[in-house]
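Trainee: I would like to go through this model and ask what stands behind each description of it.
Mentor: Go ahead.

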Amino acid sequence: PGCATGVDRYEAGQAKTMDMDTLGLLLGSAARSVSNKGIKKLSVKWAGGEALMPLSLKLIREGQTIIQSLREQYSNVEISQVILTNGSHLNEEMVAELKQWNAHVAVSLWGIGEVNDKSRGVRREKDKYPNIVLGIERLHNAEIEYNINHVVTPGNARHFADFIRAVWDT
């Protein structure tokens, strides 16, 4: 729920992502445009489905070479990255990689505890709320900039106040 490309579509081979040539053209065009207009910052947002699943993660990893090249070519433009994730893939190795990329991470939660898991339709242990909280803790300990987004739906809206209290208290 909430992801354009969920696990079921990925596992069925139906998930698609753009190719490296297209990514290079788009990022290059964006960097050239902001540079020519005197804009000093360009933010690249990696999102769509779960950005840290293997297919999209491969594109993000390969995209780092393009971004580094553009940083050198357009030194007058600060290129930053934001990765939208549900947090289920934030293991130690992934967090170390995110640190290398100097990426900001936006973690989407659908609630606290079982509300999150039920709202997202969690089926695997690694996707459950305690693992996501551990991933957020890893981001925090690695001093990676992050934010937490709450996805509000008709099914979880009545629990939003609990979410605010839990985040505020933490």
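Mentor: Start with confidence, as the model is predicted. The chain has a mean pLDDT of 90, and 90% of its residues reach 70 or more.

Trainee: Which elements have the lowest and the highest mean pLDDT?
Mentor: Helix H1 (residues 7-11) has the lowest, at 60, and helix H4 (residues 92-101) the highest, at 97. Local features need pLDDT of at least 70.

Trainee: How many helices and strands are there, and what pattern do they follow along the sequence?
Mentor: The chain has seven helices and four strands. Their pattern is α-α-β-α-β-α-β-α-α-β-α.

Trainee: Why is the chain called as compact as a globular protein of that length?
Mentor: For 170 residues the globule rule gives 15 Å, and the radius of gyration is 17 Å, which is close to that value; therefore the description applies. Along the principal axes, the C-alpha atoms fill a box of roughly 50 × 40 × 30 Å.

Trainee: What makes a residue count as buried, and what percentage of the chain is buried?
Mentor: The cut-off is a relative accessible area under 20%. Of the 170 residues, 40% are buried.

Trainee: What percentage of the contacts with a separation of 6 or more comes from residues 24 or more positions apart?
Mentor: Such residues account for 67% of those contacts.

Trainee: What is the accessible surface of the chain?
Mentor: It is about 10000 Å², with 53% belonging to carbon and sulfur atoms.

Trainee: How far apart are the mean positions of the positive and negative charges?
Mentor: There are 20 positive and 20 negative charges, and their mean positions are 6 Å apart.

Terms used:
Residues are numbered from 1 along each chain as its sequence is written. This is a predicted model: local features need pLDDT of at least 70, side-chain atom pairs count only at pLDDT 80 or more; totals for chains, interfaces and linings use all residues. Side-chain values use heavy atoms; hydrogens and water are left out. Helices (H or I, at least four residues) and strands (E, at least two) are DSSP runs, numbered from the N terminus. The radius of gyration is taken over C-alpha atoms; the globule rule is 2.2 Å times the number of residues to the power 0.38. Buried means under 20% relative accessible area, exposed over 50%, partly exposed in between (1.4 Å probe, protein chains only). Contact means heavy atoms within 4.5 Å. Accessible areas come from the Shrake-Rupley method with a 1.4 Å probe; for residues, only the protein chains shown count as cover. Lys and Arg count as positive and Asp and Glu as negative; His and the chain ends are not counted. The place of a charge is taken as NZ of Lys, CZ of Arg, CG of Asp or CD of Glu. pLDDT is the predictor's confidence in each residue, from 0 to 100.
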